[in-house]
Structure formats: C-alpha cells, structure tokens
Amino acid sequence: MKLYRDFPTLYVSHMWWLWFVTPEIRRLVDYQIGFQPVDPIMLTPYLVTGLAFFTVLKYLPALRQKTLFPMALVVLGVLYAYIVGLVNTGFMPATYGLLNWLLPVLFGLHMAIRWQDYLRVRRTLFHTFVWGTLVMGVYGLVQYVHPLPWDTYWMTASKLLSIGQPEPFHVRIFSTMNSPGPFAFELMGTLLMLFAGGGFWRIPAAVFGYLAFLLSIVRAAWGGWFIGLVYILSRLKPAHLIRYLMGIMVIVILAMPMLLYKPVYERLEARFNSIENVKQNASYQARVKFYGEFFLEAFETPLGSGIGSTGTAARLSQKGHVVNFDSGIMEIPYVLGWLGGTLFFLGSIWTLIYMLSSKWAKKDPFIAISSGISLAVFSTLIFVDTLIGSTGMLFWAFAGTSIAGIHYRQVKGMENA
C-alpha cells in the first residue's frame with residue numbers, strides 16, 4: 001500500500017514482478033507442504049493489482065472522457081456478468097473469477113488516469129521487463145536442461161499433460177509460471193518491450209528470453225509476437241528501423257549455437273513443421289471440432305452463464321461444467337451473454353483502434369511498442385481468452401500505458417504550440 005501511495009512507479013514495477021514470480025513461489029511452497037489444487041498464494045498479484053481500484057474510484061467522473069469511456073464499457077460488461085455469476089455459480093466462484101476479468105481492466109484505467117507519470121513509468125517498465133525477461137529466460141533454460149526438484153514435482157502433481165516430461169530436454173519450458181502457455185504469452189510482451197531502449201543487459205535478456213520463448217513451444221504466442229513486431233516496425237522511423245533490425249540479427253547470431261544443438265533443433269523443427277502442415281495437426285483438428293460443436297452453445301444463452309462458470313473458478317462450484325476454453329471469442333459471449341459480451345467486445349476493440357490509429361505512435365516509439373503489445377495479445381484471442389488473467393494484464397496495462405502516452409504528448413504538444 002505504501003508503494004501505491006508514495007512511490008507509484010515502484011508500485012507498478014513491484015506489481016509486475018509479482019505476476020512474474022508468484023507461481024514459482026507457489027511451487028516452492030507446494031514442494032515443502034504438498035500440492036494444493038487451489039492455492040491462496042496465487043491471489044497475491046491480484047490483491048496488489050487490485051489497489052488500482054482506489055485510483056478508479058477517486059477519478060470516477062473521468063471515465064466519461066472519450067479516451068477512458070471504452071474501458072468503462074468493459075467494466076460494466078464484466079460487472080453485469082458477475083451478477084449473473086452470483087446467481088448461477090455462487091459467491092466464491094463468481095468472486096474468484098471476477099479477479100481474472102476485472103482487475104486487468106482496472107489496472108489499465110489506473111495507468112491511463114495517471115498520465116502525468118508517463119515518462120517515469122516508461123523508464124520503470126523498460127527496466128522491469130528487461131530484468132524480468134532475463135530472469136525468466138535463464139531460469140527457463142535451466143529448467144529445460146536440468147529440471148529442478150520443485151518443478152518436476154509440480155509437473156507430476158498437477159498432471160498437466162501439455163507440459164512435457166520431467167526429464168532433461170523433454171520439458172516444455174514454463175519457467176516461473178504455472179504452464180507453458182502463460183509463460184509464452186508473458187514473454188511475448190516482455191520481448192517486444194526490449195525494443196523500447198538500450199543498455200548492455202538488454203542483449204543477454206533478449207538471447208535467453210527468445211531461446212526460452214521458442215522452447216515453450218506455444219505457436220499462438222509466436223504468431224502474436226510476429227504480429228506485434230510487424231506493427232511496431234511499421235511505426236518506426238527509418239533510422240530506428242535499421243537499428244532494430246541490426247539488433248535482431250545480433251540476437252539471432254548469439255542464439256545460434258543453442259538453436260543448432262541437436263535436441264533443441266529437432267524439437268523446434270518438429271513444431272515448425274506442424275505449422276506448415278496445420279490441417280494434419282491434432283491441436284488444429286481439436287480446435288476446429290470445438291468451434292463446430294460449441295459455436296451455437298456459446299451464443300444460445302442471452303443472459304450468459306456468468307463469471308465463475310469457466311476456468312479455475314469453475315472448480316470451486318459443482319455447477320461449472322465447462323472448465324477450460326480453447327477460444328476467447330467463444331468464452332466471452334458464453335460467460336458475459338449478449339449484453340455483457342457486446343459491451344466487452346465494443347470497449348476492447350474501441351480501445352485498440354484508438355491506440356493503433358494515433359499519430360503519436362509514429363512520434364513516440366514507446367507508445368508504438370505499448371500498442372504493439374496490446375495488438376499481439378488481442379490477435380491471439382481466437383486461441384485462448386487472452387483479455388483476462390495474466391495475459392489480460394498485458395493487454396489492458398499496455399493499453400492504459402499507450403493512452404497515457406497519447407494524452408501526455410497531446411498536452412505537451414499543446415503547451416509547446
């Protein structure tokens with residue numbers, strides 16, 4: 001609370017570090033006392049992020065501004081679905097699920113409202129993400145080469161089949177996160193952030209980060225990173241573009257020895273071949289089948305099933321029959337219903353269009369990078385609901401950062417006119 005009140009930029013850094021390492025702390029505790037399917041330790045980043053509620057409450061009238069109003073629509077859609085969830089699933093599942101749906105949006109509003117801190121927050125975010133990428137990347141590669149006891153215990157106790165085998169060179173890297181998916185999406189954002197500045201530590205962070213990112217074997221995150229990168233490069237001035245392309249070449253050269261190591265090369269080759277032969281891929285076929293079977297059900301309940309009916313929250317209720325979704329496009333209307341889903345999609349797309357179309361993205365590289373991270377996350381919505389939870393933090397936090405940057409540049413531009 002003291003960081004939030006007296007040192008707002010340090011609060012932002014502290015909050016991100018909790019998202020980065022809390023699952024690892026949870027595994028260390030589980031290794032000592034036994035596996036806990038639902039662990040209260042995982043609430044820590046949510047509770048710290050939740051302090052953003054006081055910012056939104058203090059500046060509530062500001063939500064009528066055209067830059068913040070789209071996110072306010074998202075909040076209304078989520079609160080509607082929470083009420084439905086209270087009725088359909090009960091207090092605990094609905095409230096637990098609300099943390100995933102609402103807090104990322106509130107933090108995005110917090111970042112946008114505190115636009116005066118933009119320059120300080122920009123520096124803090126860059127340094128936090130450089131060191132976060134380095135720590136998660138190095139740990140992930142150690143995990144791949146020599147899985148540590150608490151990680152192998154987690155892999156066995158959690159029974160996550162998609163995580164690989166607890167043996168050297170057979171792990172799908174999940175680093176300090178709970179599984180490869182959230183880790184890869186987190187790295188997708190932190191790696192794009194490395195374009196925002198210079199310094200020595202950015203290079204080793206990029207090398208270790210990209211190696212771990214590839215060895216997570218999450219194709220959706222790879223695709224999202226590429227889309228975000230293309231947008232960022234399209235916004236840069238020619239001089240900056242050449243410098244960034246040279247930086248990418250240096251990183252590739254430094255990472256090449258590891259990429260050519262036979263176990264790594266064979267693993268990546270098999271995964272990239274599955275992209276080329278996507279129609280023969282089991283994951284692709286399962287997703288097509290899911291879309292075909294569930295499309296009508298996702299839209300047939302006008303009121304929605306309510307927050308708490310899917311994901312981890314559903315495990316707290318006997319009524320939740322859908323636990324995991326392979327599509328955010330399906331989960332949002334299923335959970336939020338016609339009204340809540342419309343508000344959520346409208347606010348999200350409106351926010352995204354505002355960021356991507358701003359002229360300031362070409363004048364301030366950090367605005368372009370923040371917008372690119374949000375775009376990367378949004379582009380993967382077809383695979384999983386990336387607008388909630390840890391990936392939702394990337395989308396909404398950097399949407400808020402981009403909006404803060406645009407507002408800051410507009411005010412400073414007017415002052416200098």
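Which backbone oxygen does the side chain of threonine 351 reach? I looked this up in what is a predicted model, and I found that the side chain reaches the backbone oxygen of glycine 347, at 2.8 Å.

**Entry on threonine 351.** I placed threonine 351 in helix α16, and I then checked its cover. I noted the residue as buried, because its relative accessible area is 2% and the cut-off for that class is under 20%. Setting aside the neighbours within four places in sequence, I listed the residues in contact with threonine 351 as Pro70, Met71, Trp396, Ala399 and Ile403.

**Entry on the surface.** I next looked up a nonpolar patch on the surface, which is formed by Val38, Leu86, Val87, Phe91, Met92 and Leu316, and for which I recorded an accessible area of about 560 Å² together. Helices α5 (69-88) and α6 (91-113) each supply at least two residues of this patch.

**Entry on confidence.** I took the mean pLDDT of the protein as 86, with 88% of its residues at 70 or more. I found the lowest confidence in helix α14 (residues 282-299), where the mean is 61, and the highest in helix α17 (residues 365-379), where it is 95. Where pLDDT is low, the predicted coordinates should not be read in detail, and I therefore keep this caution beside my entry.

Key
Residues numbered from 1 in each chain as written. Predicted model: local features only at pLDDT ≥ 70, side-chain atom pairs only at ≥ 80, totals over all residues. Heavy atoms only, no water. pLDDT = per-residue confidence, 0-100. Helix = DSSP H or I, 4+ residues; strand = E, 2+ residues; numbered from the N terminus. Patch = residues over 30% accessible without salt bridge, like charges linked within 9 Å, V, L, I, M, F, W, Y side chains within 5 Å. Areas by Shrake-Rupley, 256 points an atom, 1.4 Å probe, with all protein chains shown as cover. Salt bridge = Lys/Arg side-chain N within 4 Å of Asp/Glu carboxyl O. Buried < 20%, exposed > 50% of the residue type's maximum accessible area, 1.4 Å probe, protein only. Polar contact = N/O pair within 3.5 Å; in protein donor to acceptor, adjacent residues only side chain to side chain. Contact = heavy atoms within 4.5 Å.
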